[in-house]
Amino acid sequence: EPHESERTGRFVRQAKTECGIHTRTTSAGAPHGGALQDLFVKDAAKAAALKSACVKTIDLNERQACDVFCLVNGAFSPLTGFMDEAAYNSVVKDMRVSADGALFGLPVTLDLQCVKDLKQGDKI
């Protein structure tokens, strides 16, 4: 027997999920901001070149690693990297990414304990 919300067509009951109920959709829909930003480098030579261009390597904590994973796989679309100061301030003030005005409720930044050996634009 379908759950009452399934009969009305508004929700679908899902087992083993965090909240148990999800909104029913008829299609996957468009990515947030209009285009999926898949930043994963599939070419080994290009990946090696990017690694060699780095001025420093850092160990990431679990949250930082999760943010990098989300950026690389497009979960933070339309972002193509961590937010700069202008985007950060725009999100904090207006909940919008300054570049295109897309709604974005949480700033995505790479917080580092020590930046004394880094300058703006360095690849890490």
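Helix 3 covers residues 62-73, and its 12 residues reach 16 Å from the first C-alpha to the last, close to the 16 Å expected at 1.5 Å a residue, where the expected span is 1.5 Å times one less than the number of residues. Helices here are DSSP runs of H or I with at least four residues, numbered from the N terminus. The model is predicted, so that local features need pLDDT of at least 70 and side-chain atom pairs count only at pLDDT 80 or more, while totals for chains, interfaces and linings use all residues. Residues are numbered from 1 along each chain as its sequence is written, and side-chain values use heavy atoms, with hydrogens and water left out.

At the start of helix 3, a side-chain oxygen of Asn 61 comes to within 3.1 Å of the backbone nitrogen of Arg 63. After the helix comes Gly 74, whose phi is positive, near 90°.

The table sets out the buried residues (under 20% relative accessible area) and the exposed ones (over 50%), with a 1.4 Å probe and protein chains only.

| Helix | Buried residues | Exposed residues on the other side |
|---|---|---|
| Helix 3 | Gln 64, Asp 67, Cys 70, Leu 71 | Glu 62, Phe 69 |
| Helix 4 | Ala 87, Ser 90, Val 91 | Glu 85, Val 92, Lys 93 |

Seen down the axis of helix 4, the buried residues fall within an arc of 95°, so they line one face of that helix; the arc is that of the directions from the helix axis to the C-beta atoms. An α-helix has 3.6 residues a turn, so residues three or four places apart point the same way. Helix 4 is followed by Met 95, whose phi is positive, near 60°.

The largest nonpolar core has 10 residues in all, including Cys 70, Leu 71, Phe 76, Ala 87, Val 91 and Phe 104; such a core is a set of buried Ala, Val, Leu, Ile, Met, Phe, Trp, Tyr and Cys residues joined through side-chain atoms within 4.5 Å. The elements that give two or more residues to this core are helix 3 and helix 4 (85-94).

The count of aromatic pairs comes to 1, with rings of Phe, Tyr and Trp (its six-membered ring) pairing if their centres lie within 6.5 Å, and planes under 30 degrees apart counting as stacked, over 60 as edge-to-face and the rest as tilted. Phe 76 and Phe 104 form this edge-to-face pair, at 6.3 Å centre to centre and with 70° between the planes. The pair links distant parts of the chain, 28 residues apart, since Phe 76 lies in the loop between helix 3 and helix 4 and Phe 104 in the segment after helix 4.

Conventions: A polar contact is a pair of N or O atoms within 3.5 Å; within protein, one must be able to donate a hydrogen and the other to accept it, and residues adjacent in sequence count only if both atoms are side-chain atoms.
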